[in-house]
Amino acid sequence: MVHFRISHLNVLLVLSLPAVLCYRSTSTKKICSGTENGLNKLEVHEKKVERLRMMYANCTVVHGNLEITYLTPDDLKDAGISDLYFLNDIVEVTGYVLIAHNSIRNFSLPSLQIIWGDKKFRPTSDQMVSQFGLLVLNNAFSTFDLSNLRAIHDGSVGIQMNHRMCHWKTIDFRQLLGDNYEKRLIIRDSYGDCYADAVCDSSCVHCWGSEKRHCQKIYRNNCAPQCSSGMCYDVDSPQFCCHPECAAGCFGPSDSECYGCSTMRDNGKCVDKCPTPELYDPITTQYVKNPDGKYAFNRDCVTTCPAHMVVYKDGCVSRCPENFTADEGDNVCRPCQGACPKTCIIEQHVNSLNIKDFIGCTKVDGVIEIRKDTFIGGALLQPNGTFIPYDPMTPAQLEALSSVRQVTHYVLVQTEKLKSLKFLRNLQKIEGRKLFDSKYALYITHSFSLQQLGTISLTSILNGEIYIASNFDLCYIHNIPWNKLIASTHSVAKVRKNREEDVCEAEGRTCDVSCDLSQGCWGPGSEMCFECLHWRLGNVCVDDCSSDGEYQAAPKQCALCHPECISCTGPGSRNCTKCRHVSLDGECIRSCPQETHFENPATHVCEPCHANCYSYGCTGSGNFVGIAGCNRCKYGVFDEDTQSITRCLRELSAERLCSEFPDLENYYWTVPLSTKIQTEVAHAVCMKCHPACKSCYGYGVDFVHYGCDCLNYTYRETPTSSVCVLQCPKNTFIRPALDSGRADECIPCDSQCDGCIGPTSTDCVECVTYKDYLSDTDRFNCTNVCPADRPYISADRLCTDINMDEVIYEKYKINIVENYE
């Protein structure tokens, strides 16, 4: 019969399967384990709603995360229900709550009071992305009722792309998140279908829905300054403070009247820590058992840990930490002696039925017996008196024992099928708790084909004797100092009737020349030496430690350099004298990390990226996006001509504008809009102002909308608006600015002017209609009606007092008379 002893009491929670771990705590809570699937769309055999019901029905505390994702109306219809009523008892969630991509119309967690956020949800691996205690993402809910929710202890709140959750616009998030709640609140693209303000019941100001039962719990408003917790239990009497150990409010002043405990709960009271299982006795100067001691489990103090947990220090944990183990029947984590073993309980000889059970075992609690029956087959007697037949094995199958380092009882080999015991090459210790024939810890006999032992790691036999005899082909063992292996002074090694030493020598089956021949060996080759003549490198004997990749670790002991070293003076990647690939801050590494780059093949040194690359990495030291520069900018400068990021910036915000950089006075900042820019800049980009602007906060030529400060000229398009222009338009003149720092102004000419040097009709360069010279000057006035004293218009459109028609007529008459005479 084969048994297993698990050296780590691990609890694997795969809650996409129907089996769900639920148990009752000492405080009558039903605690169920949550999930950690995130936004992955899992394929499960069970129907989704049924799976959720099996997981959470009657649960009051979710130990982990509550994830409700990708539910559709058809899922509810298939389950024959109209809502997820089985979630109604959940009061606390220790991790995060993720409600995402659901197309059902209504959803509620009517009893949920506290989301602790011990584990937070991060949508991506980007460290800059918020970590959520509550994320409500892309749901079709018209109503999402959390009317009893009082606190989200840790993590941000994200409400994104939920277009119909109109009453959430009324929620006072300070009640849920405390002071400075704005820093933990992200609301985006929500309430899009809310065409009117959501109306709460007349009895409440803030609500999750329209009915009286949907009123939000208010307990942080107007509390007196002496309330150190910031919470009070009577809105009308703010001096009634909650106890400092309370979380999520209270219904009275004592530590037993809290809705939740900020640290731990012990017998219904909120305390800062559980009473420790042990107390220091100053009289005996020893730690003694505390009769009132308890262990911390989640946020409760318990007298015993749940069966699936183990005890570590003063708390209940799901698994022992690294280098600790809990033995079978004892759920207390204790330090491992060396590597923590996988322990297998073996009570039968090695056979084809139990050989697979040895795979991965480092410790065998029992015996290793390899007998004739191992290779010829047979039957095993069961406790009920029946027999189970087993098939013959092959020697190659014994490789399953290669991980074994320790055997608690004894090792026995008695077979004609083996030439070597190399499959036990990692066996270090035989404890001898139980001995073969009440005497032997290592018993090898009548193995007629055995030529070498090959047990190169064997260093200790704590109890019992060694018997190696009648193995007529066994060589190499004659000089092994067996007394160095046996710890007990009363035990001896009996090595006899094996192949004679002179016969082995004549056959050339002797220890390698690199071995200390006086100490013998476990077989042929430099890796089989019991002791080395000169130096040992791992399991191999060598002449010295001068080869590349080796160093002297101790007397007569070489060691391999770190894999990243070509040569070294000691262990680790910081003791390399020459790197195999590249180095960073004195350490040899395979490749430069993201925030550095490798440029100089002569030095093989990783150089830091430009600081403006932030954590996006680079291929060179350049302060731009592209080859030899940053992979991406957090903030950058965009060039319209090349359509590329010409430079990265360290900082950019509403407080730190583009124009504050010396050479970017005529730039403005904006979020990256195009897909191309988004791939090169993460947060914000500086874009060049309109050419007519000296500075701006958007691309355009007017000040009101774009903040355009004119570079050359200001042109008043209408009486109420001005724009910036590079050149004054036709029919305007330039009025110099009174302030030297301001742009000159383009002033429209008089409507009768065709070009001008001033604003009046007497400042025209040419006239649109008629030109009227002023008396006794060379100046003229442009007009569309000549004055009364000069009512006539000449051929070149001058106002005159001469009627040209009459002059022509008189000339005509004279010409006729003259011609007649």
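**Aromatic cluster.** I looked for grouped rings in this predicted model. Phe107, Phe141, Phe144, Trp168 and Trp208 form one aromatic cluster. Side-chain atom pairs count only at pLDDT 80 or more, while totals for chains, interfaces and linings use all residues.

**Ring pairs.** I then searched the whole structure and got 21 aromatic pairs. Rings of Phe, Tyr and Trp (its six-membered ring) pair if their centres lie within 6.5 Å; planes under 30 degrees apart are stacked, over 60 edge-to-face, and the rest tilted.

I checked Tyr280 and Tyr287. Their pair is edge-to-face, with 5.5 Å between centres and 70° between planes. Tyr280 is partly exposed at 46% relative accessible area. Tyr287 is exposed at 58%. (Buried is under 20%, exposed over 50%, partly exposed in between, with a 1.4 Å probe and protein chains only.)

Next came Phe448 and Phe472. Their planes are at 5° and their centres 5.4 Å apart, so I noted the pair as stacked. Phe448 sits in the loop between strand 35 (440-445) and strand 36 (460-461). Phe472 sits in the loop between strand 37 (465-469) and strand 38 (493-496). (Strands are DSSP runs of E, at least two residues, numbered from the N terminus.) The pair therefore ties together parts 24 residues apart in sequence. Phe448 is partly exposed at 33%, and Phe472 is partly exposed at 47%.

**Charges over rings.** I looked for NZ of Lys or CZ of Arg within 6 Å of a ring centre and within 35 degrees of the ring normal. Arg150 lies over the face of Tyr219, 4.7 Å from the ring centre. Arg650 has its charged end over the ring of Tyr614, 4.2 Å from the centre.

Conventions
Residues numbered from 1 in each chain as written. Heavy atoms only, no water. Helix = DSSP H or I, 4+ residues; strand = E, 2+ residues; numbered from the N terminus.
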